[in-house]
Amino acid sequence: MDWFNNFWSVYSNLVLTLGTNALLALSIYLTLSCGMLAIANAAFMGIGAYASALLTMNYGLPFPLAMAAGMAAPALMAFVIGKPTLRLSGVYLAMATLAFGEVVRIALLNAESITGGALGLNGIPQSTQWWHVALALVLTLALLWRLRRSKVGRAFESIKEDETAAGLMGIDVGAHKMLAFVLGAAIAGLAGTLNAHLTFFIGPSEYGFDRAVDILTMAILGGIGNLTGPVIGAVILTLLPEMLRSFKDFRLVVNGFILVLIVLFLPKGIWDPGHFRQWFGRGGRRA
Amino acid sequence: MSTSLRLASLSRHFGGLQVLQDVNLEIPQSGIFGLIGPNGAGKTTVFNLITGLLPPTSGRIEFNGQNLAGRKPHDITRLGIARTFQNIRIFKDMSLLENVMVGLHAQLKYGSLGLLTSSGLFRSEERRARERARELLSWVKLDNKATAKADNLSYGEQRKLELARALATNPKLLLLDEPVAGMNSSEKDELMIEIRNISERGYTIFMIEHDMRFVMGLCGDIAVLNFGRIIARGSPDTIRNDPQVIEAYLGREDDEVSRDATEDAA
């Protein structure tokens with residue numbers, strides 16, 4: 001077990017980051033599966049991180065309670081901003097949610113007395129254990145899997161395909177969009193809470209535009225046709241920069257470049273069962 | 001005969017354009033009712049107003065005594081009105097079965113959060129929905145393709161799927177917007193039989209159609225809309241011989257404009 005202890009002491013942070021990134025990719029998958037291009041998930045992650053970290057640092061709140069707060073705060077925020085913005089569609093929704101993300105980042109930067117401003121929060125208790133992340137990921141996957149196979153999942157998909165037709169099937173389009181948005185925010189907040197209590201330090205720049213694009217890239221890269229895609233996308237996009245450490249300054253360039261290539265050649269993402277059947281099924285059918 | 005749907009002095013303007021003016025129409029509780037009229041007469045707007053996709057400028061829409069104006073489309077569907085579209089709007093990336101199960105949405109009795117806890121109820125309701133969806137697909141003879149992707153269906157089959165999906169919402173009144181548009185004559189004959197079967201199962205049908213043979217063959221009661229006004233109402237024979245209807249479709253003999261146009265063309 002020596003090799004494992006060595007491995008874990010070096011890479012535990014990376015492995016746990018894989019988990020939180022997978023949660024983030026799943027959080028945006030939820031809104032994408034309902035046909036909404038909302039990119040406020042980095043901001044929701046930040047709200048969850050700050051809310052929970054402030055509670056554990058300043059009030060000594062037990063970690064499970066802080067986790068609940070870290071999910072509730074962004075969910076509430078999503079509900080409030082969702083009311084006016086979810087009427088928008090396509091790029092207009094993307095613009096509004098992106099703007100909201102900037103507002104959150106700048107608010108964190110300027111509310112110095114509470115958030116520490118640009119210096120961020122230091123000395124967050126490192127309460128996140130590996131099994132917290134594993135459990136959060138498993139529960140989230142189980143929830144989303146159940147959702148997909150229920151009337152709610154079918155409603156999301158029908159809204160994604162044709163909003164008008166979905167409404168005329170008796171589906172409350174507004175309520176389902178809100179559900180996807182709020183639930184996605186809660187999952188992002190959970191990832192933020194776990195991440196903050198893993199890294200000891202958080203600052204406003206972690207939850208800005210770069211992170212928002214990262215999260216979107218993970219989901220799109222992996223594929224949003226099913227739950228495996230976002231997880232795989234998160235794994236690849238977390239490991240890739242580690243493997244290409246020498247390119248550190250060009251990390252975002254590489255991210256952008258990969259996104260372009262994927263959209264060009266694999267428009268449905270890496271994990272597309274339809275493609276697999278096409279590639280590997282042909283030989284079988286012929287036999 | 002009692003009334004299912006009543007349009008009372010219904011008007012709709014788009015800016016200065018008066019698409020519907022003071023439309024009064026009563027659709028009986030049973031049977032197949034037809035609404036015909038030349039292109040641009042405002043027929044689809046009537047459906048858009050009834051289903052809540054557009055608000056009326058003025059007037060009332062009553063369905064079984066309830067006013068529909070101001071309600072959201074999903075509320076109106078749940079009251080018992082379903083529709084199909086002139087340009088088919090099925091969910092192409094979903095299977096036939098899933099398409100119809102979307103229509104069953106409001107009838108599934110587990111709540112959005114209850115689906116996490118009450119596992120038994122969830123499973124039995126989903127099974128019931130699947131069985132009902134298969135039954136509805138068998139009504140339009142598509143049950144043998146239940147798990148295929150809707151995108152792979154032929155044009156005529158897509159129309160039938162849309163019909164099955166509309167029936168899944170358990171409507172009392174079914175609105176069909178040009179059900180045979182773009183179909184060949186054998187597909188038309190097939191659909192005529194399907195619609196007659198659906199009517200015999202007790203659904204009230206209100207259809208818009210261009211194809212005269214189709215309308216005259218199915219509907220016992222027809223209204224004619226021209227330039228946003230109802231100009232005639234009655235049995236197929238009455239409609240066929242109504243001078244105003246003939247004029248709307250063929251033009252008047254002393255119509256200067258049309259004569260000029262013909263001369264220009266010559």
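This is a predicted model: local features need pLDDT of at least 70, side-chain atom pairs count only at pLDDT 80 or more; totals for chains, interfaces and linings use all residues.
Strand β7 of chain B spans residues 173-177, and five of its five residues are buried, so the strand is largely enclosed by the rest of the structure. Its side chains are divided between two directions: L173(B), L175(B) and D177(B) point one way, while L174(B) and L176(B) point the other way, and all are buried.

Chain B also has an open sheet of four strands with antiparallel pairing, in the order β2-β1-β4-β5. At its edges stand β2 (17-28) and β5 (66-67) of chain B; each has a single partner strand, so one side of each is left without a neighbour in the sheet. The partner of β2(B) is strand β1 of chain B, residues 3-14, and the two pair in the antiparallel sense over eight bridges. F14(B) has L17(B) as its bridge partner in β2(B).

| Strands | Sense | Bridges |
|---|---|---|
| β1(B) and β2(B) | antiparallel | eight |

Chain B is divided into domain 1 (1-80 + 171-266) and domain 2 (91-170). The C-alpha centres of these two domains of chain B lie 28 Å apart. Eleven residues of domain 1 of chain B are in contact with eleven residues of domain 2 of chain B. On the domain 1 side, α2 (73-79) and α7 of chain B each supply at least two residues. The largest share of that side, four residues, comes from α7(B). By class, the side of domain 1 of chain B that touches domain 2 of chain B has six nonpolar, two polar and three charged residues.

Between the chains, 19 residues of chain A are in contact with 24 residues of chain B. On the chain A side, the elements giving two or more residues are α7 (151-161) and α8 (163-167) of chain A. Helix α7(A) gives the most, with seven residues. The side of chain A that touches chain B has, by class, seven nonpolar, five polar and seven charged residues.

Terms used. Residues are numbered from 1 along each chain as its sequence is written. Chains are lettered from A and ligands numbered from 1 in the order in which they are written. A residue is buried if 20 or more other C-beta atoms lie within 10 Å of its own, exposed if 12 or fewer, and partly exposed in between; C-beta atoms are placed from the backbone. Two strands pair if DSSP finds at least two bridges between them. Two residues are in contact if their C-beta atoms, placed from the backbone, lie within 7 Å. Ala, Val, Leu, Ile, Met, Phe, Trp, Tyr, Cys and Pro count as nonpolar, Asp, Glu, Lys and Arg as charged, and the others, Gly among them, as polar. Domain bounds come from an automatic or database domain assignment.
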